[in-house]
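Good morning. Please have a look at the chain on the screen, and I will go from the details of a few places to the whole.

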Amino acid sequence: MLILTGGPGTGKTTTVRTMLRIFEAGGLRVALAAPTGRAAKRLAETTGREVKTIHRLLGVSFGQGGMSFERNEAAPIDADVIILDETSMVDILLMSYFLAAVRPGTRLVLVGDVDQLPSVGPGSVLRDVIASGAVEVVRLTEIFRQARMSMIVTNAHRVNSGVMPVLNRNLATGAKVDFFFITEDDPEKVARLVKDLVARRLPAYAKCDPIDDIQVMAPMRRTVTGVENLNALLRDVLNPDAPGKQEMRLGGLVLREGDKVMQIRNNYDKMVFNGDIGRVVKVDPEDQEVVVVFVEPDGVRRVTYEQHELDELVLSYAISVHKSQGSEYPVVVMPITTQHFIMLQRNLLYTAITRAKRLVVLVGTGKALAIAVKNNTHDRRYSGLAERLRR
């Protein structure tokens, strides 16, 4: 068993690809897995191999007796090597089911960035296993030359070290400025600025699609610069009401054809999971159904929701930073204001920055940014796992 950890630009992906070639040259059967469909899709793109979500690898089913898995101690995963990516996202319950299905003698490689936010579910598995000292850990620390040309990578490491990011300029000759900070004190103006950036300025500057390529993230759901208000503003400009465009209301939520939506609960019957993002392609008010398309590692999948299931969906033009884990987006826009004071933490800002591939734009105040960089407190997770492993 081995843990491979490190920040952006330190070579985790290159190392995994090299390990794959070595294992396969030795005739070993390798299974690749990740916690979410989006994370699995990313790993499939970078390795050129089939990648399954943990649930699919385990053969999940959901019946009257609750959740069950085809793969377990009696019927383990048929592989000589298992590489699990984005391990920081895996909570203690899912890791328990997963490890029960790993056959003794199988080589297990856990890959992840331990400095990101912990799992949404209980526990802090990757951090605890590293802290226990019971498993060999390789921590990649060198930022390679090509990665150093990106201010996204450079600033992510600065933030993770408790140092203020370099704003609106590059550090190396020939490097592209891909990290911007726009100063604005008034929360109402911050929200309007985010709307203008997504709808008009960034698609023109970065030659990108405002819905598919730009992801707005916020530290909190409430407040003027929170997820809920930003979703309302962005939907009005990116997918406005129009004649012939069907929509359906459930309580305070209105779903409209063309909307960008997120699944917020695991649904094992439909095989869509918390954090999966899709697009509404059909709304049928007569049959009270909504059809959502999700892009998965093995292609596009259409999922039909009946009216009583619509509370599993929310708009996702803007999402919380926690919900972004395991994903990458070409462009990330993030409001950062003192309205979010209780959520301004270093690992939250670090996680948001590392979700971007091409461009990061922060909008808010230097005071809020400084609070986040200096605040290195973590939510305490009482699992006892590290101590039990040490024993």
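Helices and strands here are DSSP runs, helices being H or I with at least four residues and strands being E with at least two, numbered from the N terminus. This is a predicted model, where local features need pLDDT of at least 70 and side-chain atom pairs count only at pLDDT 80 or more, while totals for chains, interfaces and linings use all residues. Residues are numbered from 1 along each chain as its sequence is written, and side-chain values use heavy atoms, with hydrogens and water left out.

Start with tyrosine 205, in helix H8, which covers residues 187-206. Tyrosine 205 has 46% relative accessibility, so it counts as partly exposed. A contact means heavy atoms within 4.5 Å. Leaving out neighbours within four places in sequence, tyrosine 205 contacts Val177, Phe180 and Leu359. Its C-alpha atom is separated by 33 Å from that of arginine 302, 97 residues apart along the chain.

Next, arginine 256, in strand S12, residues 253-256. Arginine 256 counts as buried, because its relative accessibility is 7%. What does its side chain make a polar contact with? The partner is the side chain of glutamate 247, at 2.8 Å. A polar contact is a pair of N or O atoms within 3.5 Å; within protein, one must be able to donate a hydrogen and the other to accept it, and residues adjacent in sequence count only if both atoms are side-chain atoms. Residues touching arginine 256, beyond four places away in sequence, include Arg235, Asp241, Lys245 and Val283.

Now helix H11, residues 366-374. Its buried residues include Ala368, Leu369, Ala372 and Val373. Among the elements covering the buried residues of H11 are helix H7 (151-160), strand S9 (179-183) and strand S20 (356-364).

Finally, the whole chain. There are 12 helices and 20 strands. The radius of gyration, taken over C-alpha atoms, is 21 Å, close to the 21 Å from the globule rule for 391 residues, so the chain is as compact as a globular protein of that length. That rule is 2.2 Å times the number of residues to the power 0.38. Of the 391 residues, 53% count as buried. Among contacts with a separation of 6 or more, 70% come from residues 24 or more positions apart.

Key:
Buried < 20%, exposed > 50% of the residue type's maximum accessible area, 1.4 Å probe, protein only.
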